[in-house]
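This briefing is for a reader new to the structure. Look through the sequence and the model first.

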Amino acid sequence: MVFKRLMQAMGVGGPSVETVLDNPNCRPGGQLEGRIQVAGGDHPVDIEYIALGLVTRVEVESGDGEYDTTQEFQRQRATGAFRLESGQRHEIPFRFEVPWETPITEVYGQHLHGMTMGLRTELEVARAVDKGDLDAVAVHPLPAQERILDALLRLGFRFTRADVERGRIYGVQQTLPFYQEIEFYPAPQYARAINQLELTFVGTAQHLQVVLEVDKRGGVFTEGRDAFGRFTVDYATADQTDWGAQLDGWLRQSMRQRGLFF
């Protein structure tokens, strides 16, 4: 009897949880729907709660360098406390809200190199080991984000990778403690002036904030520095703008202001 209680305290023979997503694809500001399947083990347990959390990998800068960590940035309770009898099964439907600032992971059917995203299910058992489940999630761009990405690709920029960095961008309305950077190789017509372009989207329910960072090339007697540009895209009128011309104009003006011509 003592051995059995010890095994139960270690979580052996306890409940299991599995989350089934109706569709693992979503967009910022959208929803993920599915059901949580809970199965009782070989002894009754008291479940304190079941919660869902959206997690991603975040790069953190510290005094000693950089390191990656997994960060939960949206959390939602699926149940309160309940008693789960031995062998009993529960199926709990859910609808999970995806924040507007959620980083994107897929572009044109291709996974963005460097990105990870998952929906984690946490089952808290009183006086026992937690059980969990993690399901991969694919976040696709909003139509307004697609228009900016399309414009850059039409100008000749090429994707390299993306990452998520902890921190805040000055002058941008931001609620999450991190932001995504999507990196591009420069288009041929800009290659003499810049090393790479970094793009950040920060969405809200009303509009999309776009941040561009240009990594300048340094010359023999000059030091390479970064140039920033910010603008806001209204969802309702995003398709009425020639974003290729807008972005090309900003890039050329930014380079001329810094004494670079191409």
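The points below cover the nonpolar cores and the aromatic contacts.

This is a predicted model, in which local features need pLDDT of at least 70 and side-chain atom pairs count only at pLDDT 80 or more, while totals for chains, interfaces and linings use all residues. Residues are numbered from 1 along each chain as its sequence is written, and side-chain values use heavy atoms, with hydrogens and water left out.

**Nonpolar cores**

- A nonpolar core is a set of buried Ala, Val, Leu, Ile, Met, Phe, Trp, Tyr and Cys residues joined through side-chain atoms within 4.5 Å; buried means under 20% relative accessible area with a 1.4 Å probe, protein chains only.
- The largest such core has 59 residues, and Leu32, Leu54, Leu119, Val137, Phe157 and Leu199 have the most contacts inside it.
- Strand E4 (residues 45–62) gives the most to this core, seven residues; strands (E, at least two residues) are DSSP runs numbered from the N terminus.
- A second, separate core has five residues, among them Ile169, Tyr179, Val202 and Val211.

**Aromatic contacts**

- The whole structure holds six aromatic pairs, meaning rings of Phe, Tyr and Trp (its six-membered ring) with centres within 6.5 Å.
- Phe157 and Phe184 pair edge-to-face (planes over 60 degrees apart), at 6.5 Å centre to centre and 85 degrees between the planes.
- Phe157 counts as buried at 2% relative accessibility, and Phe184 counts as buried at 0%.
- Phe157, Phe159, Phe184 and Tyr190 make up one aromatic cluster.

Note on methods. Buried < 20%, exposed > 50% of the residue type's maximum accessible area, 1.4 Å probe, protein only. Helix = DSSP H or I, 4+ residues; strand = E, 2+ residues; numbered from the N terminus. Phe/Tyr/Trp six-rings, centres within 6.5 Å; stacked < 30°, edge-to-face > 60°.
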